[in-house]
Amino acid sequence: MESAVYTPMSDLKDATLDHRRTHGCGSQPVVDGAQLAAWAIQAGARSAVEIGTFLGYSAACLANAGILVQTVDRDPVHVALAQRHLNERGLANRVNCMTGEAVEVLADLPAGEADLAFFDGMEVSVAEIEVLARALRPGGLLLVSNVKLGSEAAEVREFIGGWQPREDGEVLFAVKPPRAS
């Protein structure tokens with residue numbers, strides 16, 4: 001069996017930072033896309049759900065590692081740019097980019113099928129973590145970027161407290177237990 005070769009996406013990370021300055025939005029790429037892909041691979045992820053597409057950097061890093069990604073962003077400009085970047089890299093067939101409010105869009109996904117759930121938005125909310133938790137299979141990995149932002153960060157920690165979460169800087173990790181809600 002042929003193993004996947006990971007290609008760095010630093011140009012896409014740079015494009016996201018440039019877009020942030022020109023578009024005036026808060027889009028911020030995950031600090032290290034290769035590390036994100038490594039966490040996903042280590043967790044045995046073959047499918048992922050993401051909130052916060054921006055320009056597709058995280059989704060591209062995951063797709064480049066062979067993971068199928070469902071990603072949602074409320075900004076249609078971001079979704080269009082992400083689709084363009086994914087097409088340019090030959091990754092569009094591994095990523096489904098959706099536009100809308102994450103809680104509404106992801107509510108239609110099948111429950112318990114994702115191996116990885118990734119929050120990569122600006123301010124985490126309990127409602128977003130609930131919809132990611134619903135999509136995540138038991139034993140799946142939840143990653144929450146920007147965990148210290150937002151007025152509901154403490155409530156998010158409480159919601160996943162039974163998942164034995166751990167934090168590494170701005171990223172929170174938690175494995176969904178077999179009987180979690």
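**View 1. Seven helices and seven strands make up the chain.** This is a predicted model, so keep in mind its confidence limits: local features need pLDDT of at least 70, side-chain atom pairs count only at pLDDT 80 or more, and totals for chains, interfaces and linings use all residues. Residues are numbered from 1 along each chain as its sequence is written, and side-chain values use heavy atoms, with hydrogens and water left out. Helices (DSSP runs of H or I, at least four residues) and strands (runs of E, at least two) are numbered from the N terminus. Read from that end, the elements go α-α-β-α-β-α-β-α-β-α-β-α-β-β. Of the 181 residues, 49% are buried; here buried means under 20% relative accessible area, exposed means over 50%, and partly exposed is in between, using a 1.4 Å probe and protein chains only. The chain exposes about 8700 Å², and carbon and sulfur atoms supply 50% of that. These areas come from the Shrake-Rupley method with a 1.4 Å probe, and for residues only the protein chains shown count as cover. A contact is a pair of heavy atoms within 4.5 Å. Among contacts between residues at least 6 apart in sequence, 67% join residues at least 24 apart.

**View 2. The largest nonpolar core holds 31 residues.** A nonpolar core is a set of buried Ala, Val, Leu, Ile, Met, Phe, Trp, Tyr and Cys residues joined through side-chain atoms within 4.5 Å. Which members touch the most others? They are Met 9, Leu 62, Ile 67, Val 69, Val 95, Leu 116 and Leu 143. Helix H2 (33–42), helix H3 (57–64), H4, S3, strand S4 (114–119), S5 and S7 each bring at least two residues to this core. H3 gives the most, with six residues. Zoom in on Leu 116: leaving aside neighbours within four places in sequence, its contacts include Ala 40, Ala 48, Leu 62, Leu 136 and Leu 143. A second, separate core has 27 residues, among them Val 72, Val 105, Ile 160 and Ala 174.

**View 3. Strand S7 (residues 171–175) is mostly covered.** Four of its five residues are buried. Two strands count as paired if DSSP finds at least two bridges between them. Strand S5 (residues 136–144) pairs with S7 in the antiparallel sense over four bridges, and Leu 141 stands opposite Val 175 in S7. S6 also pairs with S7 in the antiparallel sense, over three bridges. There, Arg 166 has Phe 173 in S7 as its bridge partner. The hairpin of S6 and S7 has two residues between the strands, and Gly 169 in this hairpin takes a positive phi near 70°.

**View 4. One aromatic pair turns up in the whole structure.** Trp 39 sits in helix H2 and Phe 173 in strand S7, so the pair links distant parts of the chain, 134 residues apart.

**View 5. Five salt bridges are found in the structure.** A salt bridge here is a side-chain nitrogen of Lys or Arg within 4 Å of a carboxyl oxygen of Asp or Glu. Glu 101 bridges to Arg 74, with the closest N and O atoms 3.2 Å apart. Glu 101 lies in the loop between strand S3 (95–99) and helix H5 (102–106), and Arg 74 in the loop between strand S2 (68–73) and helix H4 (76–88), so this pair ties together parts that are 27 residues apart in sequence. Glu 101 is partly exposed at 37% relative accessibility, while Arg 74 is exposed at 57%.

**View 6. Arg 157 and Glu 167 meet in a salt bridge, 2.6 Å from N to O.** Arg 157 belongs to helix H7 (residues 153–159) and Glu 167 to strand S6 (residues 166–168), so the pair ties together parts ten residues apart in sequence. Arg 157 is partly exposed at 27% relative accessibility, and Glu 167 is partly exposed at 37%. Elsewhere, salt bridges that share partners join Arg 84, Glu 88 and Arg 89 into one network.

Terms used. Rings of Phe, Tyr and Trp (its six-membered ring) pair if their centres lie within 6.5 Å; planes under 30 degrees apart count as stacked, over 60 as edge-to-face and the rest as tilted.
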